[in-house]
Amino acid sequence: LLLLDAIAKARSYGLALASRGTYIEVSRAMRSSGIDATFVVGSDKVDQLADPSFYPDGGRGVEATFAEVDFLVVPRFGVDVRVNGLRLLEPDATFDDPAIAAISSTEVRRRIRGGADVTNLVPSEVVVHLEGYTAAR
């Protein structure tokens, strides 16, 4: 959370954290306060969003979530996230090198623990945070 906060401040993004509720509950609460939020999620989260077992009202919760909540997804190569209601930020519009887009956060942490340089893979705020993380280990 500290890392997300640092990146949001450094890049002048708005950031809100929610520790309870489904995406639709949080989205509705924010909208009632005049905030039209966009939730940025990884492509691996899409399968969970489409799983009726995560909602008290099952399939209706899935449908309402995709109809009412604004999601922005950067798809990982090889993962199909073509779901109605999702906005996709194509990796080639985000990353100069498509190979970088395929690298997961787990892989970045593995490389850091192994002493590899990741400055070309993640924002500078992440590098600083991860250097502190690995120094403490």
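The predicted model holds an open sheet of 3 strands in the order β1-β2-β3, with parallel pairing. Strands are DSSP runs of E of at least two residues and helices runs of H or I of at least four, numbered from the N terminus; two strands pair if DSSP finds at least two bridges between them. β1 and β3 stand at the edges with a single partner strand each, so one side of each has no neighbour in the sheet. From one strand to the next the twist averages 35°, with axes fitted to C-alpha atoms (for helices over the stretch in contact) and angles running from 0 to 180 degrees between N-to-C directions.

Helix α2 packs on the sheet and touches β1 and β2, its direction making about 155° with that of β1; contact means heavy atoms within 4.5 Å. Ile24, Val26, Ser27 and Met30 of α2 are buried (under 20% relative accessible area, 1.4 Å probe, protein chains only). Their arc around the axis, taken from the directions to the C-beta atoms, is only 160°, which puts them on the same side of α2.

Two nonpolar cores are listed below, each a set of buried Ala, Val, Leu, Ile, Met, Phe, Trp, Tyr and Cys residues joined through side-chain atoms within 4.5 Å.

| Core | Size | Residues, among them |
|---|---|---|
| Largest | 16 residues | Phe39, Phe71 and Leu86 (most contacts inside it) |
| Another, apart from it | 11 residues | Ile7, Ile100, Val126 and Leu130 |

Phe71 stands opposite Leu86 in β3.

Residues are numbered from 1 along each chain as its sequence is written. In this predicted model local features need pLDDT of at least 70 and side-chain atom pairs count only at pLDDT 80 or more, while totals for chains, interfaces and linings use all residues; side-chain values use heavy atoms, without hydrogens and water.

Conventions: Buried < 20%, exposed > 50% of the residue type's maximum accessible area, 1.4 Å probe, protein only.
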